[in-house]
Amino acid sequence: MAQRHDTTEIRITAGAVTDVMRTLHDDPDFRFRLLADICGVDTGTTMQVVYHVWSDATPDWLRVIVVDLPRNDPRLPSITFLWKGAEWGEREAYDMFGIIFEGNRDLRRIYMPPDYVSFPLRKDFLLPDDASRSPGMGIRHMEQAASPVGAPVRKARTD
Amino acid sequence: MSALSRPWNRLTLAGKIVLPLLALFAVLTLALLVGVALGPIPYVVDLAYDTVAANLGIVRFVGAVTAILLLTIPTAFIIIYLEMKVIALMNLRLGPNRVGPWGTLQSAFHGFKVLGKEDFTPTGADVPVFTLAPAVVYLASVMAFLVLPFAPGLVGADMNIGLLYFFAVGSLGVVGLMMAGWSSFNKYSLLGGLRAAAQIVSYEIPLTLSIVGVVLLTGTLSLNGIVLEQSGSFLDWFIFRQPLGFLIFFIAAAAEGSRTPFDLTEADSEIVAGFATEYSGMRFGFFFFAEYVNVFLLSALTVVLFLGGWNAPFDLGGILAQIGLSVDPSLAPGQLGIGLLLGIAIVPPVVILALALPIWAFRSDVAFWKALVIGFLLFNVLAMGALMLWATASFEQVEGLIWFFAKTYVFVVVFVWMRGTLPRVRVDQLMGFAWKWLLPAALVNIFITAAAIVVVKQIQG
Amino acid sequence: MTTAPKTQVRSLDDPLLMVDTPATIYDAVPPYPPQTEREAEFYALRGGEMLINLGPQHPSTHGVLRVVLKIDGERVVDLDPVLGYLHRGVEKICENSDWHMVVSHCDPLEYIASMFSELVPVMAAEKLLDVKVPRRADYIRVLACELNRISSHALFIGWLALDLGGLTPILYGFIERDEIVEMLAALTGQKLLFNYMRIGGVNGDLNHEFLSRLGDWMSHAAARIEDSQTLINENEIFVKRTRGLGVIDRETALRMCLSGPPLRATGIPYDVRRAHPYSVYPELEFEIPTREEGDSYARYLLHLDEIKQSIHIIDQVLHKMPDGPIAAKLPRLLRPRPGRAFAAIESPRGQYAVYAMSDGSDQPFRLRIHDPSYFNLQTVGLLTPGHLVADTMAIMASLDPIMGGVDK
C-alpha cells in the first residue's frame with residue numbers, strides 16, 4: 001500500500017482479482033461503485049493491469065495494481081461481471097498488450113484491424129518490424145516511381 | 001511541324017462555340033434572303049398559318065405544354081435561391097451573396113455544376129430502372145402543372161376532372177421513388193425508398209380527403225371552376241369556409257413534398273441521401289428539381305383551392321384607375337402626332353440624366369459614365385414598373401398572374417420557413433400522425449361540410 | 001549512384017499487389033469467422049434481419065465511427081460499434097516524447113475541448129514532479145477550461161438538433177462558440193488546439209484583448225443562450241423525439257462506467273470537481289446540476305444547466321483572480337521521480353483521467369489516457385436496441401462522443 005498525492009495503491013496477484021474487486025464493490029464500508037479506469041502496463045519484465053476505483057466514502061482514489069502477469073501469457077479474470085463498462089477497457093488492453101481477460105465475452109481487437117498480429121504498446125514492439133510484415137513493404141514511393149530500378153530507395157528492415 | 005499557328009487552332013472554347021454559330025447564322029440569313037426573294041418562303045409561311053388556324057386546339061396545347069416545361073426550370077431556380085437565402089437569414093448568416101447581385105445567380109451555377117459532374121451507374125444497379133427513375137419523378141411533378149389555372153384563360157388544359165387528374169399524376173412520383181430506391185443496389189437507398197413510399201402513400205389520403213369539402217362546396221372537380229367560384233370578394237375564398245380543410249391540406253402537402261418536418265426520405269443525418277444516395281450529377285439534379293417543382297406545385301394548389309387562385313383580394317385595377325394611373329388602351333398612337341416622336345426621343349435621355357446626376361454629384365467614387373449606366377438601369381426599372389402597372393390595370397391576365405404568383409410564393413416561403421425552423425419527425429410518429437389524426441380530421445371535415453351544406457340549403461328554402 | 005538495393009523493390013503495378021476485390025467487401029459482415037461469443041451472436045442473422053453499416057463516412061457519427069446496425073425493418077435489434085478509424089497511437093507517441101511535448105500530443109484527443117485534454121497529463125506530471133502551481137495560473141486554467149466547456153456544450157446542443165433535422169440551432173451554437181474561440185485565440189494564439197497548458201502553469205498571461213472580449217461576451221452571454229434555446233426547448237417535435245429516449249437508470253449508469261452529463265442526468269451527482277476537487281474548485285461556489293429522468297431530453301437540459309453554472313464560475317474567477325506568476329519555473333529537461341500518478345478532471349464529456357508512470361527518465365514510461373467518450377460510447381449498444389434507426393443518431397448525439405478521444 002502506498003499513499004501519495006491522494007491516491008492509495010494496493011497490489012494484488014491475478015488470482016485475487018475477482019475476490020478483491022467484488023469485495024471492494026459490494027462491501028458496505030467500501031462501496032467502490034465507480035470504476036474510473038482500467039488499463040494495461042508493460043513494465044519491461046512483466047505485465048500489469050491497473051484499476052482505479054472511487055468510493056463515495058473517501059475523496060481519494062484507490063489504485064489496484066495486478067502485478068506479475070507473465071509476459072508470454074498474461075491472463076487474469078475479467079471484471080465485466082461487476083462493471084459491464086469495463087468490457088471495452090479490457091478490449092483495449094488486449095489489443096494493445098495482448099492481455100487476455102477470461103470471462104470477457106467480446107475480447108477482440110478494438111483499435112487495430114482484426115487481422116493485426118502485433119501488440120503495439122508492448123515495450124518490445126518495433127514498428128519497422130511490423131511494417132515489414134505488411135503488404136505495403138517495399139512499395140516505391142511515388143516520387144521514385146519514375147526513376148529506374150536500381151536507384152536508391154527507401155526500404156524497410158527485413159533482417 | 002506543329003499546327004498550332006493556324007488561326008482556327010488558336011480559338012478558345014468560347015470561340016469554338018461562337019464561330020460555328022456565326023457561320024450558321026450567316027448561312028441561314030443568306031438562305032432566308034434568297035428564299036424571300038425567290039418566293040418559296042412566303043408560300044411556306046402561308047401554309048403554316050393555315051395549318052395553325054385549322055388546328056388551333058392542338059397548337060395551343062403544345063404551346064401550353066412547352067411553356068409549362070420551360071416554366072419549371074426558372075421556378076426551381078428561384079425556389080432554390082429562396083431556400084438558400086431565407087434559411088441563411090434565419091440562421092443569422094448571409095447565404096449566397098457573391099454570384100450575381102445578392103447571390104441571385106447562385107442556383108443557376110448550381111445547375112451548371114450538377115451538369116458537369118461525373119455520371120455513373122453503380123455496380124449491381126438495375127440500369128434501365130435506375131436511369132428512368134429520376135425522369136418518372138420529375139415528370140410526375142411537371143405533368144400536374146397542366147391543370148393549374150394561372151390567370152383567367154391561362155390554363156394548360158381545362159379538364160372537368162382536373163383535380164382528379166392532378167392527384168393521379170402526382171401519385172406517379174411514388175413509383176419513381178420506389179424505382180430509385182430498389183434499383184440502386186444499396187441498403188440505404190432501399191430504406192430511403194421504402195420510407196418515402198410509405199410516407200407519400202399514407203399522406204395521399206388525408207390530402208385528397210381534405211379537399212373533398214371544397215369539391216362539395218363547388219360541385220366541380222375542375223380547378224378553373226374552383227377558382228371562378230372564389231371570385232367576388234376576398235371573403236369568398238374557401239379558406240374562410242374550410243379552415244380545417246386548409247390546415248389538413250397544408251400539413252399533408254408538406255408531407256407529400258417531403259419537406260421538413262417530414263423530410264425523412266432525404267434525412268441526411270440518418271440515411272445519407274435516402275433513395276438518392278447512388279445518384280450523382282444530373283440524375284440527382286432531376287430529383288432535386290422535382291422536389292422544388294413539387295413545392296411550387298403544392299403551394300400553387302393550396303392557393304388555387306383555398307385562397308382564390310388568381311383572384312385579387314382587393315381590386316388593384318380599380319384603385320389604379322381611381323388614382324388615374326390606368327391608361328385607356330384604345331388610345332391611338334397616331335393622335336399624339338409629333339408629340340409621340342418627341343416623347344420617345346426626349347423623355348428617356350432626360351430621365352436617365354435626372355437619375356444619374358444626383359448619383360454622380362453625391363458619390364465621389366462613381367465616374368460619370370458609371371452614373372449614366374446606373375441611371376439607365378434605373379430608368380429601365382422605372383419603365384418596366386410603369387409598364388407593369390399599365391398592364392395590370394388593363395389586362396386582367398397580367399393582374400391575375402401577378403396575384404397568383406404572389407400568393408404562391410407566400411406559401412413557398414412558408415414551406416422554406418418550416419424547413420429552417422423545425423427538426424425532423426421520426427417515421428413512426430409520422431405515420432401515426434397521418435393515420436390517427438389527419439385522416440379522422442379530414443373525415444370529420446367532410447361530414448361537417450356536408451351537414452352545413454344541407455342545413456344552409458334547408459334554411460334558404 | 002547505382003547501388004542495387006538488397007530488398008526486392010516492387011512497383012505499384014506488381015501483380016502480387018493486385019488483390020481481387022469482390023463486391024462482398026462492402027458488406028457489413030467481416031470476412032473471417034467470428035472470434036468471440038458476442039461477435040458470433042451479433043453476426044448471426046435471423047429471418048428478416050439486415051446488417052447495415054453506419055459510417056465511417058457519415059454526416060452525423062461525430063467523427064469517423066462505424067456502427068454496424070442489425071435492423072429488422074426500421075427497428076434496431078442490435079448494434080456493434082467498430083472503432084479505430086482515427087487511432088493515432090497517442091499513448092505510444094507520448095512514451096517516445098518528452099514530458100513537455102505531451103501537451104501537443106494530447107491536444108487533439110478531445111479536439112473540441114482541448115484545454116481539458118491538455119490539462120490532465122500536465123496535472124499528472126505535476127503530481128510526479130511535486131510542482132506547486134501558482135494560484136494565478138490555477139485561476140487562469142479554470143477560466144480557460146470553463147470557457148471551453150461552454151463552447152463545447154454550445155456545440156453539443158447544435159449537433160443534437162442537427163442530427164434530429166433542425167438546421168438552425170447549430171448556427172446559434174456556433175455564434176457562442178465563435179465568440180469564445182476568438183477570445184481564446186486572443187489568449188493562446190490558437191482557435192482549436194490551444195497548446196496552452198504547461199507543466200507548472202499556463203503559457204501566456206491574460207491580455208487586454210482577451211479581457212475586453214470576455215467582458216463583451218459576459219455581458220450578454222446568459223441572456224443570449226437562453227434566447228437561442230427557446231427555438232427547440234419546447235418544440236413539440238424535438239421533445240417528442242428525445243423524451244423517453246435512451247433512458248438509463250442509476251445502477252446501469254454506474255455499471256457501464258458512465259461519467260459526465262449522461263451520469264448526472266440519471267440523478268447521480270458525481271462531478272470530479274466536487275467529488276475529488278482539484279485546482280481551485282474548492283474555493284469556488286457552484287452547484288452540480290442533475291436531472292432525474294435519464295433520457296436524452298434530460299441530458300440536453302443538463303447541458304444547458306451546466307452552461308449556466310460555468311458562466312457563474314467564470315464570474316467568480318474574474319472577481320477572485322490573484323496576481324502572481326503564471327507558471328512555475330521548471331527545467332527544460334524534466335526528470336520526475338520514479339512513480340505513478342493519477343489525475344482526473346471533469347471535462348465536458350465526463351471524467352477525463354490520465355495515469356502516468358515515470359521511471360526517472362525524461363520520457364514518460366506509460367501515459368494512459370482515459371477518455372470519457374470511449375466509455376460513454378459503450379452505452380449506445382445498450383440503449384439503442386428496440387428503437388428505430390433514426391433514434392440511433394439521437395442517442396449517440398445525446399451521449400456526446402468525440403471520436404478523437406474514443407480512438408486516441
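Reader: How many residue pairs are in polar contact across the interface of domain 1 of chain B and domain 2 of chain B?

Author: This is a predicted model, where local features need pLDDT of at least 70, side-chain atom pairs count only at pLDDT 80 or more, and totals for chains, interfaces and linings use all residues. Residues are numbered from 1 along each chain as written, chains are lettered from A and ligands numbered from 1 in written order, and side-chain values use heavy atoms, without hydrogens and water. A polar contact is a pair of N or O atoms within 3.5 Å; within protein, one must be able to donate a hydrogen and the other to accept it, and residues adjacent in sequence count only if both atoms are side-chain atoms. With both residues at pLDDT 80 or more, the number of pairs found across this interface is three.

Reader: Which helix gives the most to the side of domain 1 of chain B that touches domain 2 of chain B?

Author: Helices are DSSP runs (H or I, at least four residues), numbered from the N terminus. α3 (56-90) and α4 (106-116) of chain B each supply at least two residues of that side. With three residues, the one that gives the most is α3(B).

Reader: How much area do domain 1 of chain B and domain 2 of chain B bury between them?

Author: Buried area is the accessible area (1.4 Å probe) that two parts lose on being put together, summed over both. Of the area buried here, 75% is on carbon and sulfur atoms, and the total is about 650 Å².
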